[in-house]
Amino acid sequence: MQKLVYLSNSRDYSEQGSINENKYFTHINTMLDQGWKVAHMTHDVLATDFEQNPTQKETYVSFVLLEKDDDDK
């Protein structure tokens with residue numbers, strides 16, 4: 001079985017807490033804990049215009065293809 005998952009480091013500079021609590025990271029970490037394996041990863045670094053919007057940034061995005069044996073449900 002395969003699943004495609006979106007990963008992003010999108011954060012607001014006013015956001016408090018650990019980057020590891022990011023909703024994308026916690027979702028993928030949970031799936032990895034459940035036995036899913038990374039089969040492929042496609043990533044890109046996005047340019048941000050800090051001058052225009054200093055409260056928001058998204059500099060790294062990725063699509064991650066996860067795999068898990070059908071027997072491991």
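Modeller: A contact here means heavy atoms within 4.5 Å. Bear in mind that the model is predicted.

Colleague: Which residues does Val64 touch, not counting residues up to four places away in sequence?

Modeller: Neighbours up to four places away in sequence are left out of the list. What remains for Val64 is Lys3, Leu4, Val5, Leu7, Ile28, Val38, His40 and Met41.

Colleague: Which strand is joined to β5 by seven bridges, and which by eight?

Modeller: Strand β5 covers residues 60-67 and runs antiparallel to β1, residues 2-8. In that pairing Ser8 stands opposite Val61. Strand β3, residues 37-45, also runs antiparallel to β5, and there His40 has Leu65 as its bridge partner. Seven bridges therefore belong to the pairing, as DSSP finds it, of β5 with β1, and eight to that of β5 with β3.

Colleague: Which residues make up the largest nonpolar core?

Modeller: Nonpolar side chains tend to be buried together in soluble globular proteins. In this model β1, α1 (23-33) and β5 each supply at least two residues of the core. The seven residues are Val5, Leu7, Ile28, Met31, Trp36, Val64 and Leu66.

Technical notes
Residues are numbered from 1 along each chain as its sequence is written. This is a predicted model: local features need pLDDT of at least 70, side-chain atom pairs count only at pLDDT 80 or more; totals for chains, interfaces and linings use all residues. Side-chain values use heavy atoms; hydrogens and water are left out. Two strands pair if DSSP finds at least two bridges between them. Helices (H or I, at least four residues) and strands (E, at least two) are DSSP runs, numbered from the N terminus. A nonpolar core is a set of buried Ala, Val, Leu, Ile, Met, Phe, Trp, Tyr and Cys residues joined through side-chain atoms within 4.5 Å. Buried means under 20% relative accessible area, exposed over 50%, partly exposed in between (1.4 Å probe, protein chains only).
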